[in-house]
Amino acid sequence: MNILLEFFVVTFRVLWAFVLAAAKWLVRPKEKSVAGQVCLITGAGSGLGRLFALEFARRRALLVLWDINTQSNEETAGMVRHIYREMTEEAAAAAPGVAGDGEKDVLPHCNLQVYTYTCDVGKRENVYLTAERVRKEVGEVSVLVNNAGVVSGHHLLECPDELIERTMMVNCHAHFWTTKAFLPKMLEMNHGHIVTVASSLGLFSTAGVEDYCASKFGAVGFHESLSHELKAAEKDGIKTTLVCPYLVDTGMFRGCRIRKEIEPFLPPLKPEYCVKQAMRAILTDQPMICTPRLMYMVTFMKSILPFEAVVCMYRFLGADKCMYPFIAQRKQATNNNEAKNGI
């Protein structure tokens, strides 16, 4: 094709992509069904991972829950089973012979199950061995939610090397291992969905959490490259969604504060709201979701403004040292624990 003609075709496609994106803002796309599909969630024992598990359970997915904490993971599984029982009872109470909607006809309620596995996603061999167990005991994974995450809570020069490595392994490297474990079958079937739960700190950074920001930037880069690779391979049946929330009130960053005059306008996100927004994006095959929408603007401004201008904005918002109170609390808690243990 003549390069000039191809240029006009590309220009038209780019403009058409803007039109489609605007249309999705005005008309909410229909959510797809995940009923009967195997959904694996890492870090399912608490926080966002637990809430993701409950949301997928309500949509009748078969849940595979991974967490390093066996007890908390089983607690999440108990909540999922409670949801399954409620749906089974509702189905039994419904009048026999009445046709349900399309999604309810996909999978009998009696087949809904949840499987739990204790897995340290920061250890490559542990991931591969647990993935093999999942394939043998449950089946192939259709939806992979890479959610597990940790934070060290130390300034760079005070952070032990082991904690830095741990942060990178869990928050970034684990995405490589889980994807390598489950992507081959997705490619074979040209069907699946990979969700990367990153952070707004994977799009722009702040002081005091260098290891965490680096790990989340790595997760974002991995996700974007993977998405391009799937497009290049023309595997349009495999969807990807990048989730980048602002500070979420799960306790992970307890003590983090921006400027007090600004905080009422930009408070920490409720975990339930964050997950519901992410679920909407996942079920409508949205490639990326930033919550709140203001994060899109912040990311754009960071890309076009001079660095000194960004620094001025950070200082005005109190974002330049927003992690310092959190780090101080973590340090105090560590000192208290050492005192109790007689160290």
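Biologist: In this predicted model, what is the handedness of the crossing of H2 and H3?

Modeller: The crossing of H2 and H3 is right-handed. Helix H2 covers residues 47–58 and helix H3 residues 70–93, and the two pack with their axes 9 Å apart at an angle of about 20°.

Biologist: Why are H2 and H3 called roughly parallel?

Modeller: Their packing angle is about 20°, and angles under 35 degrees count as roughly parallel, so H2 is roughly parallel to H3.

Biologist: What makes the pair of Glu75 and Arg50 a salt bridge?

Modeller: The closest N and O atoms of Glu75 and Arg50 are 3.4 Å apart, and a salt bridge needs a side-chain nitrogen of Lys or Arg within 4 Å of a carboxyl oxygen of Asp or Glu, so the pair qualifies. This pair links distant parts of the chain, with Glu75 in helix H3 and Arg50 in helix H2, 25 residues apart.

Biologist: How do you know whether Arg50 is buried or exposed?

Modeller: Arg50 has 16% relative accessibility, and buried means under 20%, so Arg50 counts as buried.

Biologist: Why does Phe7 count as exposed?

Modeller: Phe7 has 52% relative accessibility, and exposed means over 50%, so Phe7 counts as exposed. Phe7 lies in helix H1 (residues 3–26), and together with Ile3, Leu4 and Phe8 it makes a nonpolar surface patch of about 490 Å².

Definitions and conventions:
Residues are numbered from 1 along each chain as its sequence is written. This is a predicted model: local features need pLDDT of at least 70, side-chain atom pairs count only at pLDDT 80 or more; totals for chains, interfaces and linings use all residues. Side-chain values use heavy atoms; hydrogens and water are left out. Patches are made of residues with over 30% relative accessible area and no salt bridge: like charges are joined within 9 Å, nonpolar side chains (Val, Leu, Ile, Met, Phe, Trp, Tyr) within 5 Å. Accessible areas come from the Shrake-Rupley method with a 1.4 Å probe; for residues, only the protein chains shown count as cover. Helices (H or I, at least four residues) and strands (E, at least two) are DSSP runs, numbered from the N terminus. Buried means under 20% relative accessible area, exposed over 50%, partly exposed in between (1.4 Å probe, protein chains only). Axes are lines fitted to C-alpha atoms, for helices over the stretch in contact, and angles run from 0 to 180 degrees between N-to-C directions. Angles under 35 degrees count as roughly parallel, over 145 as roughly antiparallel, 65 to 115 as roughly perpendicular and the rest as oblique. A crossing is left-handed if the near helix is turned anticlockwise from the far one by less than a right angle, and right-handed if clockwise.
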